[in-house]
Amino acid sequence: MIGSLKPALPILLLLLGACSDEHQKIILAEPPGPYKMALTVSDQPIAGDKLILTTKITHSNDDTPVRTLQTLHERRVHNFITKLDFSHFSHIHHEDFKSLTTKDIDSATLSFPYTFPTPGAYRMVSEFTDSTRTWTKHFDIQVGSDYQKDTTPLPYSYTSAVGDFSGYLNISDGTIIAGSPTEMLLKITENNLPVKNLKLWLGSEAHVAIWRRDGKYFGHTHSYTPAMRNMMQSLADKAHGDHQSPNGMKAMMAKMMAQASELIFEGPTIPIFFIFPQPGQYVAYIECAPGGRPIVFRFVLKVVAASQDTTGHKQTTDSLLGNTM
Amino acid sequence: MKLKVIVITTSIFFCNYSLAGHGFFNSFEGINWLPESGLTPGDFFYAVDAASEKITLHLTKDSYTKKKKYLDLAEERLAEGISLLKQGNIAYSTKIENEYDEYLKKLRLPPYINEDIREVESQQKYAERLLQHMYILSVEVLGTPRSMHKYFLNLNEMVTKHYEHITESLSRDFVDSHFFKKEEVKWSWEIAFESN
């Protein structure tokens with residue numbers, strides 16, 4: 001029987017291939033630019049189904065794979081998935097599931113399994129680094145069809161609970177102003193006792209993913225280490241010299257990026273530094289690992305606009321930076 | 001003096017750090033890119049397209065809507081210009097630069113402090129968008145032949161000039177809130193030329 005099917009085997013395989021392609025779609029990332037990123041996913045993703053999300057990064061001008069992607073914080077491509085009502089969040093990578101192979105690297109094609117928990121509109125932001133410059137791309141993924149888009153404002157929240165853990169986010173100046181440096185302090189407790197056993201997770205004590213409520217203005221930052229403070233200070237002390245040139249800065253950054261990760265903040269507090277680009281409501285997910293087990297806190301923050309008073313001089317750049325030093 | 005140094009050095013640091021990954025700051029994530037360039041000068045139906053733009057503008061009476069259209073048209077010109085430069089085509093660069101310049105000129109307020117809050121808000125939006133144009137140009141220039149760079153720089157110079165004119169009449173606080181964004185744009189240009 002099998003023997004009689006043998007001549008038809010190539011045709012059967014071809015048909016199977018066509019069927020499998022039929023159920024996949026390719027979504028091109030926004031924004032465009034010198035790198036093109038494509039996501040292959042089921043053409044009708046269904047909540048609860050385990051799917052494979054595959055990304056491929058190519059040079060826009062000739063479609064060749066970007067073979068020189070750099071590893072940053074232990075991963076080649078960092079993917080942040082959120083449901084756009086901000087009820088769900090994931091920070092996920094290819095290497096969480098399998099080691100990178102030469103083929104993966106040469107084809108710049110990475111994948112990971114993922115299960116969207118509920119129907120809705122999702123956004124995946126993918127971050128990668130090439131030639132020491134990091135690029136951010138995003139994909140919009142619709143899961144199911146029976147859902148309503150939710151854009152209502154969320155209640156502001158500067159505390160967050162995950163099991164026995166609680167996170168408290170303190171804004172150093174009380175108010176976050178768009179375009180101004182903001183220092184925040186995350187305090188973590190477990191059953192009301194300060195957590196003192198934080199571990200590094202993907203090379204940092206904290207991974208912070210930030211979106212504005214409308215899904216725009218994604219940001220990704222980490223704990224604000226003394227090394228960063230010192231570097232800023234030493235830069236400030238050098239009125240003259242190479243460090244102000246792009247090459248000098250690039251070299252300094254490369255040096256800093258190449259340094260081994262070091263646990264600085266064991267708890268209960270982690271300082272975080274960020275500049276929110278626009279006013280509005282923002283959602284900040286902060287991932288940290290007490291005892292090495294990652295948990296994610298969610299905060300909803302208010303960012304106000306710089307004053308519209310045309311004669312206002314309250315918040316000059318000098319004073320803003322003065323606040324941070 | 002020391003504060004000034006801090007301003008300069010920390011801003012460069014922020015931008016490098018953010019763009020080198022895992023940053024304190026990422027002002028341009030998720031911004032709307034330019035529209036598809038569609039027809040470009042030299043295409044057979046381009047003249048028809050241009051005529052229909054003029055008719056639409058003529059029929060728009062409300063000044064706010066009209067300014068919005070000017071911005072849309074400026075963006076179309078910019079998209080066309082970038083598309084041609086990427087192909088190494090400079091035959092229409094002067095025409096495109098002039099039209100881009102003209103449309104951006106129409107966005108500007110007279111040089112007095114306007115009390116109309118709606119106008120102030122639109123001017124802030126235009127300033128924001130023009131800054132995004134500068135960033136987009138700094139990204140699109142990547143990978144283009146060296147001979148095309150001066151045309152990208154011409155466009156950047158033009159949009160910078162209009163941005164500065166617009167921000168002259170806006171509040172100091174608003175202008176200050178753009179400080180890091182401008183540094184990020186500047187760095188993006190520097191690193192683009194270094195990469196190229």
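Modeller: Helices here are DSSP runs of H or I with at least four residues, and strands are runs of E with at least two, numbered from the N terminus. Please keep in mind that this is a predicted model.

Colleague: How many helices and how many strands are there in chain B?

Modeller: From the N terminus on, the elements of chain B run α-α-α-α-α-α-α-α. The count for chain B is therefore eight helices and zero strands.

Colleague: What percentage of the contacts in chain B between residues at least 6 apart in sequence join residues at least 24 apart?

Modeller: Chain B has 196 residues, of which buried residues make up 45%. Among its contacts between residues at least 6 apart in sequence, the share that joins residues at least 24 apart is 77%.

Colleague: What span should helix α2 of chain B have, and how far apart are its end C-alpha atoms?

Modeller: Helix α2 of chain B covers residues 46–59, which is 14 residues. The expected span is 1.5 Å times one less than the number of residues, so α2 of chain B should span 20 Å. The end C-alpha atoms agree with this, being 20 Å apart.

Colleague: What is the count of buried residues in α2(B)?

Modeller: A residue is buried if 20 or more other C-beta atoms lie within 10 Å of its own. The helix α2(B) is hardly covered, and among its 14 residues the count of buried residues is zero.

Colleague: Turning to chain A, which strand supplies the largest share of the side of domain 1 that touches domain 2?

Modeller: Chain A is divided into domain 1 (22–143) and domain 2 (159–225 + 264–324), and their centres, taken over C-alpha atoms, are separated by 25 Å. The contact takes 14 residues from domain 1 of chain A and 14 residues from domain 2 of chain A. On the domain 1 side, β4 (77–83), β5 (89–92), β7 (120–130) and β8 (133–143) of chain A each supply at least two residues. The largest share, three residues, comes from β7(A).

Colleague: Is A:Phe116 buried or exposed?

Modeller: A:Phe116 is placed in the loop between β6 (109–115) and β7 of chain A. Leaving aside neighbours within four places in sequence, A:Phe116 is in contact with A:Pro45, A:Ala47, A:Tyr122 and A:Val143. Since 20 or more other C-beta atoms within 10 Å make a residue buried, and A:Phe116 has 24, A:Phe116 is buried.

Colleague: Which strands stand at the edges of the open sheet of four strands in chain A?

Modeller: The sheet has the order β1-β2-β3-β6 (chain A), with antiparallel pairing. Two of its strands each have a single partner strand, so one side of each is left without a neighbour in the sheet. These edge strands are β1 (24–28) and β6 of chain A.

Colleague: In β6(A), which residue is the bridge partner of A:Lys56?

Modeller: Strand β3 (residues 50–59) of chain A runs antiparallel to β6(A), and seven bridges join them. In β6(A), the bridge partner of A:Lys56 is A:Thr109.

Colleague: Which residue takes a positive phi in the hairpin of β18(A) and β19(A)?

Modeller: Strand β18 (residues 280–290) of chain A pairs with β19(A) in the antiparallel sense over nine bridges; in β19(A), the bridge partner of A:Ile286 is A:Phe297. The hairpin has four residues between the strands, and the residue with a positive phi, near 65°, is A:Gly291.

Note on methods. Residues numbered from 1 in each chain as written. Chains lettered and ligands numbered in written order. Predicted model: local features only at pLDDT ≥ 70, side-chain atom pairs only at ≥ 80, totals over all residues. Buried ≥ 20, exposed ≤ 12 C-beta atoms within 10 Å, placed from the backbone. Domains from an automatic or database assignment. Contact = placed C-beta atoms within 7 Å. Pairing = 2+ DSSP bridges.
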